[in-house]
Amino acid sequence: MAVNDPGGADADAEEPPSMLWGLDPVFSAYSRLYITDILQMKESRQVPGVYFYKNHPFFQVDVLGTVVYKREREDFYCYGVDDSTGVINCLCWKDEKWRDQGEPTKCRDPSGSSRGFNIEDELKRLKEAERQSTELEIGDLLRIRGTVKTSRDAREIKATCFYKVSDPVMAVQISHMLEMPRLYRKCYDEPFQMPSDDLGGTEAGGSSHFHYLLSRSVLTLKEFLLEKEVAKFRPYDVEFLLHPLIQTSSAEQESDQHRTSLATQIRKLLKETLSVLQDEGQIFRKMRTQDEVYNVTEQDKDLHTAIKDILREDTKREKYAEKGCHVLHILSSMRQRYSQNLSREVLEVALTFLECKSDIISTTEAHYIVL
């Protein structure tokens, strides 16, 4: 999905005003971009340090790649990271707690004279594992999150978080390669449109007002579903929650024509709200029928039971016994057993919820076992 000119021929003309950048969800996220696009993005004319792919503003990125060169200084490492589309320099500051330390102390062999669990030894092992995860060699797989900078006419990433990824069977890299085209297709390659609608007009101020209403609507519905522990609902069951939002925003417009369009505005806002919650994985439709029923991911007991059953059954197999089941394997099994419409976003919300309840645990970034 990477393109030769991410900014586009008319990038300067298409650059939206900086006051509206926050309306684009990618602006505040660590966005997963191809390195070639990070290198080619055009820098904003309004704010240095912000870059544009199409008309999306970026300043934070999330990159996974192989270390192809390394330079070490007293305070930081410089890693060259290659994701097969390009190579970018990554500036990774050393943690102060690892400085001026000699060789790591060796922990006692648990099979030796140590009796049972020793918290000091375990803490030493954890600290050593943490230290080793920040020291990479050429050929290691690096995950880095940070801000994009331009230094001496060269683009680089200044890390806020980085670590070595253990990926002996390339499961993490394969998952990453499958996810990237989907992100580009659904998000980055889709121009960010300032919606024109009946909730506030077609100008930038109207779009800002619509997004303000939408954010309040999403928050209101989330709070309602959580407080009432709703497992399933239909749109007309929650439509009343949006009435105060529209009526408040329309208080100054009391014409008959405006009152007539009030119901249309509410339905439109509700449709957008449900779409946002589906994209986030908070709700989903188990079956695509005329009866528009939405399941709430964190309250769907059948969904949770199906996930635990799959993990319990499949981790008995030798292939999954040690690391557990990868999220893509779980997704495939759930689509066969539970619902063909289940999205990865819904599954990840459910897995996070079950892990918070200590029903399952993650053994790696994307592998899970049941307790």
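Helices and strands here are DSSP runs, numbered from the N terminus; a strand has at least two residues. The model they are read from is predicted.

Start with a loop. Strand S2 covers 51-53 and strand S3 covers 56-58, and Lys 54 is found in the loop between them. The phi of Lys 54 is near 55°. That is a positive value, in a residue other than glycine. Lys 54 counts as partly exposed, at 28% relative accessibility.

Is Ser 84 buried or exposed? Ser 84 is exposed, with a relative accessible area of 70%.

Now turn to the paired strands. Strand S4 takes in residues 60-72, and strand S7 takes in residues 141-151. The two run antiparallel, joined by 7 bridges. Within this pairing, Val 61 stands opposite Gly 146 of S7.

S7 has another partner. Strand S8, residues 154-165, pairs with S7 over 11 bridges. The sense is again antiparallel. Here Leu 142 stands opposite Lys 164 in S8. S7 and S8 form a hairpin with 2 residues between the strands. Arg 152 in this hairpin takes a positive phi, near 55°.

Next come the cysteines. How many disulfides does the structure hold? The count is 0. A disulfide is a covalent bond between the sulfur atoms of two cysteines. Take Cys 78. The cysteine sulfur closest to that of Cys 78 belongs to Cys 92, 7.9 Å away. The cut-off for a disulfide is 2.5 Å between the sulfur atoms. The sulfur of Cys 78 is therefore too far from that of Cys 92 for a bond. Cys 78 is buried, with a relative accessible area of 9%. Cys 187, by contrast, is partly exposed, at 26%.

Finish in a helix. Helix H4 spans residues 171-188, and His 176 lies in it. The relative accessible area of His 176 is 15%. Buried means under 20%, so His 176 counts as buried. Which residues does His 176 touch, leaving aside neighbours within four places in sequence? His 176 is in contact with Arg 32 and Leu 64.

Definitions and conventions:
Residues are numbered from 1 along each chain as its sequence is written. This is a predicted model: local features need pLDDT of at least 70, side-chain atom pairs count only at pLDDT 80 or more; totals for chains, interfaces and linings use all residues. Side-chain values use heavy atoms; hydrogens and water are left out. Two strands pair if DSSP finds at least two bridges between them. Helices (H or I, at least four residues) and strands (E, at least two) are DSSP runs, numbered from the N terminus. Buried means under 20% relative accessible area, exposed over 50%, partly exposed in between (1.4 Å probe, protein chains only). Contact means heavy atoms within 4.5 Å.
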